[in-house]
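Subject: Structure for you, with notes

Dear colleague,

Please find the structure below, followed by my notes on it. I would be glad if you read them with the coordinates open beside you.

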Amino acid sequence: MHLLYLTGHSKVAGPAKLLTSEVVTNVYVHTDTLVVHIDLTVSPRRVRVAVWDTAPEVRPGVDRTPEGVNHRGLLIVEELSSQWGVNWPAGNRLRQKRVWFALNNTAEEGAAA
C-alpha cells in the first residue's frame with residue numbers, strides 16, 4: 001500500500017489495507033482458490049481495490065443477523081468503503097469473480113495521481 005502514500009492517498013491507506021485483508025481472508029476461508037489476484041486503481045479522488053478468485057460459485061454476502069458469525073468481513077467492507085460489489089466477468093471462461101471496494105480520497109495531499 002506504499003503506492004497510496006506516494007500518490008497522496010495516505011488518508012485511505014489504512015482502511016484500504018484493512019479492507020483488502022478482509023476480502024482476501026474471505027477468499028481463503030470460503031473457497032479453495034489457489035491464486036488470488038489483486039488490482040489497485042488510483043485516481044486523484046478515489047482508490048479502488050479488486051480481489052479476484054477462481055470460485056465464481058461462492059457468492060459473497062453480508063450477514064446482518066445479531067447471531068450471525070459469518071460474513072462479518074464484508075460488513076466491515078460495506079461500512080468503511082464508499083462503494084463495494086461483486087462482479088462475474090461476461091463469458092467467465094477463466095471461472096473468476098471479483099470482489100471490489102472503493103474509498104474516496106477526501107483530502108488530497110498535494111501529490112498528483
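This is a predicted model: local features need pLDDT of at least 70, side-chain atom pairs count only at pLDDT 80 or more; totals for chains, interfaces and linings use all residues.

Residues are numbered from 1 along each chain as its sequence is written, and side-chain values use heavy atoms, with hydrogens and water left out.

The whole chain

The protein chain has 3 helices and 4 strands, where helices (H or I, at least four residues) and strands (E, at least two) are DSSP runs numbered from the N terminus. Read from the N terminus, these elements follow the order α-α-β-β-α-β-β. Of the 113 residues in the protein chain, 34% are buried; here buried means under 20% relative accessible area, exposed means over 50%, and partly exposed lies in between, with a 1.4 Å probe and protein chains only. Among the contacts in the protein chain with a separation of 6 or more, 59% come from residues 24 or more positions apart, a contact being heavy atoms within 4.5 Å. The accessible surface of the protein chain is about 6,900 Å², and carbon and sulfur atoms account for 55% of it; areas come from the Shrake-Rupley method with a 1.4 Å probe, and for residues only the protein chains shown count as cover.

The strands

Strand β1 (residues 37-43) pairs with β2 in the antiparallel sense over 7 bridges, two strands being paired if DSSP finds at least two bridges between them. The two form a hairpin with 2 residues between them, and R45 lies in the loop there, between β1 and β2. R45 counts as exposed because its relative accessibility is 61%. Although R45 and G8 are 37 residues apart along the chain, their C-alpha atoms are separated by 9.8 Å.

On to the next pairing: β2 also runs antiparallel to strand β4 (residues 97-104), over 8 bridges.

Strand β2 (residues 46-53) is mostly covered, with 6 of its 8 residues buried. Strand β4 is largely enclosed by the rest of the structure, because 6 of its 8 residues are buried.

Within strand β2, V49 counts as buried because its relative accessibility is 1%. Leaving aside neighbours within four places in sequence, V49 is in contact with T20, I38, D39, L40, V99, W100 and F101. V49 and A16 are 33 residues apart in sequence, yet their C-alpha atoms are 7.7 Å apart in space.

Helix α2

Helix α2 (residues 10-30) is where N26 is placed. This helix has 21 residues and reaches 31 Å from its first C-alpha to its last, close to the 30 Å expected at 1.5 Å a residue, the expected span being 1.5 Å times one less than the number of residues. The buried residues in α2 are V12, A13, A16, L19, T20, E22, V23, N26 and V27, and the buried residues of α2 pack against α1 (2-6), β1, β2, α3 (72-80) and β4. N26 counts as buried because its relative accessibility is 17%, and, not counting residues up to four places away in sequence, N26 touches T31 and L74.

Charges and rings

R48, which stands opposite A102 in β4, has its charged end over the ring of W100, 4.0 Å from the ring centre. The charged end of R59 likewise sits over the ring of W88, 4.5 Å from its centre. A charge is taken to sit over a ring if NZ of Lys or CZ of Arg is within 6 Å of the ring centre and within 35 degrees of the ring normal.

With kind regards
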